Amino acid sequence: NRKKVQLVKGVFTPSETADLVNNLIDEKINFHKIQRLQRWEGNHNYDTGDLNSRITELEQEREETIAFISKLRQSSTAYRVLGQLEITPIEAENQ
């Protein structure tokens, strides 16, 4: 029982690819920052370490991906970008 969403599918210029990656990662970072703020507002003692770690991971991924695109920019005129979300329910007792 799962649902798949083809979020990104196509061929893009290096600039479009960089913009796409930046925008997607920025949205995810902002999502986690909002979660962190909401949890902190509800409980000032809430440990947001997991969210802080994920934000740091995403920021690093963004930098590494942009470096990857920049490095290959001279040799590639386009990039194929595929991104699929897979949504799978988790049983309550497994959480």
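In which helix does T17 lie? T17 lies in helix α1, and the views below begin with that residue. The coordinates are a predicted model, in which local features need pLDDT of at least 70 and side-chain atom pairs count only at pLDDT 80 or more, whereas totals for chains, interfaces and linings use all residues. Residues are numbered from 1 along each chain as its sequence is written, and side-chain values use heavy atoms, with hydrogens and water left out.

View 1. Helices (H or I, at least four residues) and strands (E, at least two) are DSSP runs, numbered from the N terminus. T17 has a relative accessible area of 4% and is therefore buried; buried means under 20% relative accessible area, exposed over 50% and partly exposed in between (1.4 Å probe, protein chains only). Not counting residues up to four places away in sequence, T17 touches F12, I69, Y79 and V81, where contact means heavy atoms within 4.5 Å.

**View 2. Helix α2 and its buried residues.** Helix α2 comprises 24 residues (49–72), which should span 34 Å at 1.5 Å a residue; the end C-alpha atoms are 35 Å apart, in agreement with that value. The expected span is 1.5 Å times one less than the number of residues in the helix. L51, I55, L58, R62 and I69 are buried in α2. Their cover includes α1 (14–42) and β2 (79–87).

**View 3. The salt bridge between R2 and E86.** A salt bridge places a side-chain nitrogen of Lys or Arg within 4 Å of a carboxyl oxygen of Asp or Glu. The side chains of R2 and E86 meet in such a bridge at 2.6 Å, N to O. This pair links distant parts of the chain, with R2 in the segment before β1 (3–12) and E86 in strand β2, 84 residues apart. R2 is exposed at 54% relative accessibility, while E86 is partly exposed at 43%. Leaving aside neighbours within four places in sequence, R2 is in contact with E86, I87 and T88. The C-alpha atoms of R2 and V81, 79 residues apart along the chain, are separated by 23 Å.

View 4. The structure holds 5 salt bridges. Side chains of opposite charge can pair when their charged atoms come close. D50 forms a salt bridge with R39, the closest N and O atoms being 3.7 Å apart. D50 is partly exposed at 48% relative accessibility, as is R39 at 28%. E57 forms a salt bridge with R54, with closest N and O atoms 3.0 Å apart. A network of salt bridges links D26, R62 and E63.

**View 5. A nonpolar surface patch that includes L85.** L7, L24, L85 and I87 make a nonpolar surface patch of about 360 Å². Patches consist of residues with over 30% relative accessible area and no salt bridge; like charges are joined within 9 Å and nonpolar side chains (Val, Leu, Ile, Met, Phe, Trp, Tyr) within 5 Å. Accessible areas come from the Shrake-Rupley method with a 1.4 Å probe, and for residues only the protein chains shown count as cover. L85 is found in strand β2 and is partly exposed, with a relative accessible area of 42%.
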